[in-house]
Amino acid sequence: KLLFILLLSLTNLFSFNDVDSIFNQSNNLYNSNSFEQAIDGYKSVLNKDINNGILYYNIGNCYYRLNNLGYARLFYEKAKLYNPTDRDVLHNIELVKAQLIDDIKNIPQFFLVKIINDINVKLNSSQWAYVVILALYLNLIFFLLFFFSKSVDTRVNSLRSVLITIPILLITVFFLIYSNFDNKYDTAVLVDSNAYVKTAPSIEADDYFIIHEGVKFQLIDEVDNWSRVLLSDGKDGWISNSTFLKIVK
């Protein structure tokens, strides 16, 4: 058993060293402007011992330097899924958006909805779940102190704490539900140079309008090899599935 554990540990150590070596080599390739080779290196160690968010961010940087705005936007958006408030990721997304051909405006939001959305994007759904669990444990601890403590001061302070933590729990539960509702539809980025948005899921259907690489949209329906997309300005139509890639971890 001891020999097996030792061999397993050595295997994991060598595996980690290989991953670390490939990551460092990819960084060197990026610094030497060998961006395509760097992309291959970063992609080869995805889902290994390095945070995928960092890898996606680096891949996005490579595509940006190659002036491939569609794939740059795609991988920056993937990196954002891991850390929604990362300033570098958000800054680079804005850099890409500023260079896109299409300037798609967002539909104006009611101020209360905007406040909720601004708070919601601070954490992803998994992080909101952790906050809910933490708030739940705090409430449980304060309830136990209130019911079982023999000290009057402790019981009073516990009751006050419960009156504070219950609203916090309810608020975090709301944002957990809202974040999952907000993620009801998949999002995607157009990676082809352009695509005609059709009025129906058919190549023979009339062209509605055209979009260009780097545009982000929601996928609200699918028929065969076509998807109905919803843009941030409220326009929708059908495009071929071969023209975009989904934003997933």
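**A tour of the helix pairs**

Begin by selecting helix α2 (residues 35-44) together with α3: their axes come within 9 Å and cross at roughly 160°. The model is a predicted one. Angles over 145 degrees count as roughly antiparallel, and α2 and α3 are therefore roughly antiparallel to each other. The crossing in which α2 passes α3 is left-handed. To display the contact, show the side chains of Phe-35, Ala-38, Ile-39, Tyr-42 and Lys-43 on α2, and those of Leu-55, Asn-58, Ile-59, Cys-62, Tyr-63 and Arg-65 on α3. Coloured by class, the residues of this contact of α2 with α3 divide into eight nonpolar, one polar and two charged.

The crossing of α3 and α4 is left-handed. On the α3 side, select Asn-52, Gly-53, Tyr-56, Tyr-57, Ile-59, Gly-60, Asn-61, Tyr-63 and Tyr-64; on the α4 side, select Leu-69, Tyr-71, Ala-72, Phe-75, Tyr-76, Lys-78, Ala-79 and Tyr-82. The contact of α3 with α4 comprises twelve nonpolar residues, four polar and one charged.

Now centre the view on Asn-61, which lies in helix α3. Is Asn-61 buried or exposed? Its relative accessibility is 14%, so Asn-61 counts as buried, the term being applied under 20%. Which residues is Asn-61 in contact with, leaving aside its neighbours within four places in sequence? They are Tyr-30, Tyr-76 and Asn-92. Tyr-76 belongs to the α4 side of the contact with α3, while Asn-92 is a residue of α5 in the contact with α4.

For the last stop, select helix α4 (residues 69-82) and helix α5 (residues 87-99), whose axes come within 10 Å and cross at roughly 155°. α4 and α5 are therefore roughly antiparallel to each other, and α4 passes α5 in a left-handed crossing. Show Leu-69, Ala-72, Arg-73, Tyr-76, Glu-77, Ala-79 and Lys-80 of α4 against Val-89, Leu-90, Asn-92, Ile-93, Val-96, Lys-97 and Gln-99 of α5, which make the contact. Class colouring of the contact of α4 with α5 gives eight nonpolar, two polar and four charged residues.

Conventions:
Residues numbered from 1 in each chain as written. Predicted model: local features only at pLDDT ≥ 70, side-chain atom pairs only at ≥ 80, totals over all residues. Heavy atoms only, no water. Axes fitted to C-alpha atoms, helices over the stretch in contact; angles between N-to-C directions. Helix = DSSP H or I, 4+ residues; strand = E, 2+ residues; numbered from the N terminus. Parallel < 35°, antiparallel > 145°, perpendicular 65-115°, else oblique. Left-handed = near helix turned anticlockwise from the far one by under 90°. Contact = heavy atoms within 4.5 Å. Nonpolar A, V, L, I, M, F, W, Y, C, P; charged D, E, K, R; others polar. Buried < 20%, exposed > 50% of the residue type's maximum accessible area, 1.4 Å probe, protein only.
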